[in-house]
Amino acid sequence: MHVFAAFESNEYVEMAIGEIVEHQFPKENIVFVEMNNEETERTLVDSINYSDGMSFSDTTATLATIGMLLGVIYGSVIFLGPVIIGLIGLVAGGLIGYFFDKRKEKQKLKRRKQEMNIRILFIIQCKTYAEVQLIQEICRKYFVSYLGVHNKGKQSNKGD
């Protein structure tokens, strides 16, 4: 069985490992992985082969339609005419919608980078379920962010 623990702070990892080593766990059964946040800004236009689920066309099309409609309605009063003012409203509404979506996506990326702050992942190989429970208890004591158990060949965490 393997216990996976993800920590945000290096200090807590060091204290947890110190306590785990005190309980006579061999260092060969402990693996550390330093995690880097590699999330980058998403592409603006989706291709046929790749889509990230964020569509910039919804707000852009909606505001472009509203701008065009208002341009056509109020363009009859202006000397340029409803068609030209409608086209200007289409472009202006589309640009406003595009920049609104882009700003919203940047804020979402910034918030996601702050939330996902896992620094260290360590994996501990255990032989018995009692060892798994001990490791989980130690990790919870030192503020583990994520904790998981992989039980080889079995669906349940109980037994062994």
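Analyst: Happy to! Let's start with strand 1 (residues 2-7), which runs antiparallel to strand 3 (residues 120-125) and is joined to it by six bridges. Strands here are DSSP runs of E with at least two residues, helices are runs of H or I with at least four, and both are numbered from the N terminus. Two strands count as paired if DSSP finds at least two bridges between them.

Before we go on: this is a predicted model, in which local features need pLDDT of at least 70 and side-chain atom pairs count only at pLDDT 80 or more, while totals for chains, interfaces and linings use all residues. Residues are numbered from 1 along each chain as its sequence is written, and side-chain values use heavy atoms, leaving out hydrogens and water.

Within strand 3, Leu-121 is the bridge partner of Ala-6. Strand 3 also runs antiparallel to strand 2 (residues 30-34), with five bridges joining them; there, Ile-124 of strand 3 stands opposite Ile-30.

Now for helix 1 (residues 10-22). Its 13 residues reach 18 Å from first C-alpha to last, close to the expected 18 Å, a span worked out as 1.5 Å times one less than the number of residues. Val-13, Ala-16, Ile-17, Glu-19 and Ile-20 are buried in helix 1. They lie on the same side of the helix because they cover an arc of only 165° around the axis, taken from the directions from the helix axis to the C-beta atoms. The face turned away from that buried side carries exposed Glu-11, Glu-14 and Glu-22. Buried means under 20% relative accessible area, exposed over 50% and partly exposed in between, with a 1.4 Å probe and protein chains only.
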